[in-house]
Amino acid sequence: MFWPTLALFSQLIPRALSADVAAWKSRNTYFVLTDRVARNSGDSGGGSCGDLSNYCGGTFQGLQSKLDYIAGMGFDAIWITPVVANSDGGYHGYWATDLYNINSNYGTTDDLKSLVDVAHEQDIYVMIDVVANHVGPSAIIDHQPEPLNQDSSYHAQCDIDYSNQTSVENCWIANLPDINTQSPDIRTLYQEWVSWLVTEYGFDGVRIDTVKHVEKDYWPGFSAAAGVYTVGEVFDGDPAYVAGYASLMSGLLNYPMYYLMNNFYQQKGSSQAFVDMYNQISSMFPDPTALGSFLDNHDNARWLNTKNDLSLLKNALAYVILGRGIPIVYYGTEQGFSGGADPANREDLWRTGFSTDSEIYQAISRLSTAKKSAGGLAGDDQSHLYVADTAYAWSRAGGALVVLTTNGGLGSTGNYCFNTQVSDRSWNDTFGAGTYTSDADGNVCVGVTNGEPVVLLAL
């Protein structure tokens, strides 16, 4: 009887890896729209999507076939857009019609399970995107499961007044039916669904859409039901406002840092404002290391659309990947995509031929290697070393990693001297070349070439 019992037990073990908050803190995440990565398991590139506002043909099988491409940049987690059945035209996944069925444009349930399983074989976590605020623009009667096919499951239609939080929570974003999340039955329905979704497919994390559009007391139960790391989108740059959601789930996307970080690296703001925001977050959030750090995404214009300078982009990426928080890099960044507002920032990846030789692909790979070599950088251990008009340097892991970034851009050079807070220490420049050693007082001078970041790893 032992072996059948053991076999049965093994089938009951969750498909997910051991993916709690602590496990995610050392991960490095690649964010994809499933519809935009690869069309099939043999996709070698070629052509491009003619209409970015509709389905372009990406599939689960296609994404699975590009896991090596993704891992080649050092990513060990992927965040995928919602997988549930959607209203017509919902290529992005955010227009749910049936929570318990998979979007057939992407493939089958078996395809999705295979994607997760193969990712796990490569020690890649998979985060699923979910929406609990609204459903797709189909007739209410067509939504599933019950009672989502009943008018009583939704708030009365109204336009959002963003100066009124009740309106933000109860009115309809983009004319999408707004779920009556105050209903105990609806809360139970969504908690049971997210628990089932994570367990059925083995997801390791959950990204939660439109968090500020739902009343706060909804989220602790939903997050607990997910049973894994949850990271919410509170689309706002005010740290006080965003911090109000920080205790409701595992982590949040770090929008307050997003704006000021990009201002500095896009030559629009100061490093001091950037550092001041970092310090505000330190004091206002219960766990800043659980926040998701990013420089663009599917809701914001691509970084290069705002500032077309690859050296500046490398500096911003150095901060996202090697600064405090969980790095999230949007697919296509590695190929220099520069689309503007949605849907232009949702380009198909196959148009690039999946080149691994591109300048930014190689830069991301080097930065990711430094992150792993420094132990994964999970801690709240970032020290500000140098805050100047055109430069910012920090250290992590007790000085084992020292990073100097500048915002001079392509063609800029300079020699920067600062105190590393560790004396007589030697480092290799893993992004460029050469070795640097601090003096007895901890001082070091490093050279910047062509505006690129300097990434020093202790010998």
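## The pocket

Let's start with the lining of the largest pocket, which by class has eight nonpolar, seven polar and six charged residues. In this sorting, Ala, Val, Leu, Ile, Met, Phe, Trp, Tyr, Cys and Pro are nonpolar, Asp, Glu, Lys and Arg are charged, and the others, Gly among them, are polar. The volume of this pocket is about 560 Å³. It has 21 lining residues, and the closest to the pocket centre are Ile173, Ala174, Asp299, Asp342 and Arg346. A pocket here is an open set of points on a 1 Å grid over the protein atoms alone, with protein on both sides within 12 Å along at least five of seven lines, and a lining residue has an atom within 4 Å of a point. The volume is the space filled by probe spheres set on the points, which are joined across faces, edges and corners; the probe is 1.4 Å.

Keep in mind that this is a predicted model: local features need pLDDT of at least 70, side-chain atom pairs count only at pLDDT 80 or more, and totals for chains, interfaces and linings use all residues. Residues are numbered from 1 along each chain as its sequence is written, and side-chain values use heavy atoms, with hydrogens and water left out.

## Rings that pair up

Now for the aromatic rings: the count comes to 33 aromatic pairs. Rings of Phe, Tyr and Trp (its six-membered ring) pair if their centres lie within 6.5 Å; planes under 30 degrees apart are stacked, over 60 edge-to-face, and the rest tilted. Take Tyr30 and Phe75: their ring centres are 5.2 Å apart and their planes sit at 40°, so this pair is tilted. Tyr30 is in strand 1 (residues 29–32) and Phe75 is in the loop between helix 4 (67–71) and strand 2 (77–80), so the pair ties together parts 45 residues apart in sequence. Helices (H or I, at least four residues) and strands (E, at least two) are DSSP runs, numbered from the N terminus. Tyr30 is buried at 0% relative accessible area, and Phe75 is buried at 2%. Buried means under 20%, exposed over 50%, and partly exposed in between (1.4 Å probe, protein chains only).

Tyr255 and Tyr258 make an edge-to-face pair, 5.4 Å centre to centre with 75° between the planes. Both lie in helix 10 (residues 255–265), three residues apart, about one turn of the helix. Elsewhere, ring pairs link Phe264, Tyr265, Phe274, Tyr319, Tyr392 and Trp394 into a cluster.

## Charges over rings

Arg27 lies over the face of Tyr125, 3.7 Å from the ring centre. Arg366 does this with Phe431, at 4.4 Å. To count, NZ of Lys or CZ of Arg must be within 6 Å of the ring centre and within 35 degrees of the ring normal.

## Disulfides

How many disulfides are there? The count is three, taking a disulfide as a pair of cysteine sulfur atoms within 2.5 Å. Cys49 and Cys56 have their sulfur atoms 2.0 Å apart, and with -75° about the S-S bond their link is left-handed. Cys49 and Cys56 are both buried.

Cys158 joins Cys171, S to S 2.0 Å; the torsion is about -105°, so this disulfide is left-handed too. Cys158 is partly exposed at 28%, while Cys171 is buried at 7%. Cys417 and Cys445 are bonded with sulfur atoms 1.9 Å apart, and a torsion of about 110° means the disulfide is right-handed. This pair links strand 14 (residues 414–419) to strand 17 (residues 443–448), with the two cysteines 28 residues apart.
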